[in-house]
Amino acid sequence: MKKILIMLTMLTMTMVAKAQFEAEKMYVNASLSGMSLIYNGTEEGKFDLGVMGGYFIEDCWLVDVQAGIHHPGKGGRATITAGVGGRYYVEENGIFLGVNAKLLLSKGHNDIMPGIEAGYCFFLNDKLTIEPSVFYDQSFRKHSDYSTVGLKVSLGVYF
């Protein structure tokens with residue numbers, strides 16, 4: 001009985017996800033990553049905030065625009081990013097693969113950063129999702145110092 005309930009739940013989640021990844025749907029998302037909510041005499045909290053808006057040009061294919069801010073903590077320079085990207089939702093089950101290119105702007109440091117991302121959409125209802133993902137952003141300026149691997153959690157809305 002337990003196996004049947006799990007199978008029915010997974011089938012229902014897949015059917016809900018399918019309806020959201022159709023052509024001509026829109027998508028918005030806000031994300032948080034790199035979070036370190038600490039503060040002491042030598043360190044301040046550091047975090048990344050991002051927003052993304054997208055449009056499904058075909059079933060399972062999303063194109064998007066992105067913007068973000070990175071606060072590195074005490075002594076670091078805040079950076080602003082803007083970029084474009086795309087996502088493919090694998091077999092309409094919530095797993096997604098993404099590529100993007102961002103322009104990073106900071107005082108004394110500008111960079112172009114192509115990136116990749118993989119994640120999953122956990123549907124809370126038919127429009128709202130929580131989307132954990134892993135990402136990698138490659139720095140063209142100095143790979144060893146500025147390329148980034150990370151985990152982020154997003155809140156997405158499909159409409």
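Residues are numbered from 1 along each chain as its sequence is written. Because the model is predicted, local features need pLDDT of at least 70 and side-chain atom pairs count only at pLDDT 80 or more, while totals for chains, interfaces and linings use all residues; side-chain values use heavy atoms, with hydrogens and water left out.

The protein contains two helices and nine strands, where helices (H or I, at least four residues) and strands (E, at least two) are DSSP runs numbered from the N terminus. In order from the N terminus, these elements follow the pattern α-β-β-β-β-β-β-β-β-α-β. Of the 159 residues, 33% count as buried; the term denotes under 20% relative accessible area, with exposed meaning over 50% and partly exposed lying in between (1.4 Å probe, protein chains only). K25 is placed in the loop between α1 and β1 and, at 22% relative accessibility, counts as partly exposed. Although 33 residues separate K25 from E58 in sequence, their C-alpha atoms are 9.2 Å apart in space.

A pair of aromatic rings is described by the distance of the centres and the angle of the planes. Rings of Phe, Tyr and Trp (its six-membered ring) were paired if their centres lie within 6.5 Å; planes under 30 degrees apart count as stacked, over 60 as edge-to-face and the rest as tilted. By this rule, the count comes to 12 aromatic pairs. One of them joins F21 and F56, whose ring centres are 6.0 Å apart and whose planes stand at 35 degrees, so the pair is tilted. This pair links distant parts of the chain, 35 residues apart, with F21 in the loop between α1 (2–20) and β1 (26–36) and F56 in strand β2 (residues 46–58). F21 counts as buried at 0% relative accessibility, and F56 counts as buried at 0%. F56 also forms a tilted pair with Y89, at 5.5 Å centre to centre and 45 degrees between the planes. Here strand β2, which holds F56, is linked to strand β4 (residues 79–89), which holds Y89, across 33 residues. Y89 counts as buried, with 0% relative accessibility. Ring pairs join F21, Y27, F56, Y89, F96, F123 and Y158 into a cluster.

Charged side chains also lie over aromatic rings, the criterion being NZ of Lys or CZ of Arg within 6 Å of the ring centre and within 35 degrees of the ring normal. R87 is positioned over the face of F96, 3.8 Å from the ring centre. The charged end of K152 is placed over the ring of F135, at 5.7 Å from its centre.

Four salt bridges were found in the whole structure, each defined as a side-chain nitrogen of Lys or Arg within 4 Å of a carboxyl oxygen of Asp or Glu. In one, the closest N and O atoms of R87 and E131 are 3.2 Å apart. R87 lies in strand β4 and E131 in strand β8 (residues 128–137), so this pair ties together parts that are 44 residues apart in sequence. R87 counts as buried at 3% relative accessibility, and E131 counts as buried at 0%. Another salt bridge connects K102 and D137 at 3.0 Å, N to O. It links K102 in strand β5 (residues 95–106) with D137 in strand β8, 35 residues apart, and both K102 and D137 are buried. E117 and K152 form a further salt bridge, with their closest N and O atoms 3.6 Å apart. Since E117 lies in strand β6 (residues 109–120) and K152 in strand β9, the pair ties together parts that are 35 residues apart in sequence. Both E117 and K152 are buried. Through shared partners, salt bridges join R87, E117, E131 and K152 into one network.

Rolling a probe the size of a water molecule over the atoms shows where empty space is left. On a 1 Å grid over the protein atoms alone, a pocket is an open set of points where a 1.4 Å probe fits, with protein on both sides within 12 Å along at least five of seven lines; lining residues have an atom within 4 Å of a point. Grid points are joined across faces, edges and corners, and a volume is the space filled by probe spheres set on the points. The largest pocket has a volume of about 830 Å³. Its lining comprises 41 residues, of which D48, H70, T81, L104 and D137 lie nearest its centre. Strand β9 (residues 148–158) supplies the largest share of this lining, six residues. The lining divides into 14 nonpolar, 18 polar and nine charged residues, where Ala, Val, Leu, Ile, Met, Phe, Trp, Tyr, Cys and Pro count as nonpolar, Asp, Glu, Lys and Arg as charged, and the others, Gly among them, as polar.
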